[in-house]
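Q: Could you take me through one part of this protein up close? I'd like to know what sits around it and how it connects to the rest.

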Amino acid sequence: MEEEYLQFAKDVAYKAGEIMLKYFKEDNRASYKGDKTIVTLADKEINTYLINQVKQKFPTHSVDGEEEQFGKSNHVWVCDPVDGTAMYARHIAVAVFSLALVIDGISTVGVVYDPFTDNLYSAIKGKGTYKNGKKIIVNDYQLDDMRSVSNFDMWPRADYNIYDVIKKLGEKTYFVSIGSVIRGGMCVADGEFNMAIFPGTKRKNCDIAAVKVIVEEAGGKVTDIFGNEQRYDQDINGAIISNGLVHDEVVKIINEFLNKKVID
């Protein structure tokens with residue numbers, strides 16, 4: 001059954017990529033939501049398409065999309081239709097599509113599709129991670145390795161202020177912010193980055209659900225921002241995405257600056 005779920009996720013991902021490319025060079029009618037984040041026609045169209053497909057193929061399942069939700073079930077398709085919308089709305093080719101099947105809070109199947117490079121990342125829990133059908137693994141770089149590159153996301157209204165954390169960790173690793181935590185997560189899975197920090201909480205399970213299974217099946221580790229496991233069918237407590245080797249060190253430094261969970 002898991003293979004069937006994965007094929008479904010891949011089919012949806014490729015369709016989502018077509019929609020993203022269709023609007024990319026056009027007026028994508030970007031607008032601002034109540035939380036002052038950007039949404040485009042592509043976000044809405046992809047989210048609706050996913051719901052319609054789930055209704056047809058898996059009517060007992062539910063959908064938790066960043067723009068729209070459907071049903072209630074222990075089998076939840078968690079989706080970020082366009083991660084990196086701020087870049088996408090400005091016609092900068094960074095955004096990706098993300099979809100995970102979360103069963104009883106656990107990310108079991110995940111896909112991430114980058115339509116600009118035609119790279120599809122996929123994983124089934126317990127069966128490894130693949131990029132366009134070829135198995136990939138995380139790197140083995142420590143933070144102070146000269147090859148170490150890490151990603152971070154931060155915005156003024158984030159529940160966790162990680163600026164001091166970034167400054168401290170930046171003494172060892174080279175930090176970038178590419179504008180999509182999911183794309184950054186795929187860089188960890190593929191060995192290009194060795195770590196990413198994400199302070200998102202409310203509705204941000206949509207950003208990390210697929211990253212969780214893809215990175216961990218590649219040999220890495222994904223936890224909340226304090227190093228704890230968490231469910232991916234509800235709000236999250238941020239995320240640390242790493243090659244596993246640097247995880248404890250990152251958690252230790254984060255706990256020096258942050259000590260209160262936002263989501264219980």
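A: Strands here are DSSP runs of E with at least two residues, while helices are runs of H or I with at least four, and both are numbered from the N terminus. Keep in mind that this is a predicted model, where local features need pLDDT of at least 70, side-chain atom pairs count only at pLDDT 80 or more, and totals for chains, interfaces and linings use all residues. Residues are numbered from 1 along each chain as its sequence is written, and side-chain values use heavy atoms, with hydrogens and water left out.

Our part is strand β5, residues 75-83. Take one of its neighbours, strand β3 (residues 62-65): β3 and β5 run parallel and are paired through four bridges. If you want a spot to look for, D64 has V78 in β5 as its bridge partner. Now find strand β6, residues 96-103. This one runs antiparallel to β5, and seven bridges join the two. Here you can look for D83, whose bridge partner in β6 is V96.

Next, zoom in on W77. Rings of Phe, Tyr and Trp (its six-membered ring) pair if their centres lie within 6.5 Å; planes under 30 degrees apart are stacked, over 60 edge-to-face, and the rest tilted. That rule gives eleven aromatic pairs. One of them is Y5 with W77, an edge-to-face pair with 6.0 Å from centre to centre and 80° between the planes. This pair ties together distant parts of the chain, since Y5 belongs to helix α1 (residues 2-24) and W77 to strand β5, 72 residues apart. Both partners are tucked away: W77 is buried because its relative accessible area is 0%, and Y5 is buried because its value is 9%.

Key: Buried means under 20% relative accessible area, exposed over 50%, partly exposed in between (1.4 Å probe, protein chains only). Two strands pair if DSSP finds at least two bridges between them.
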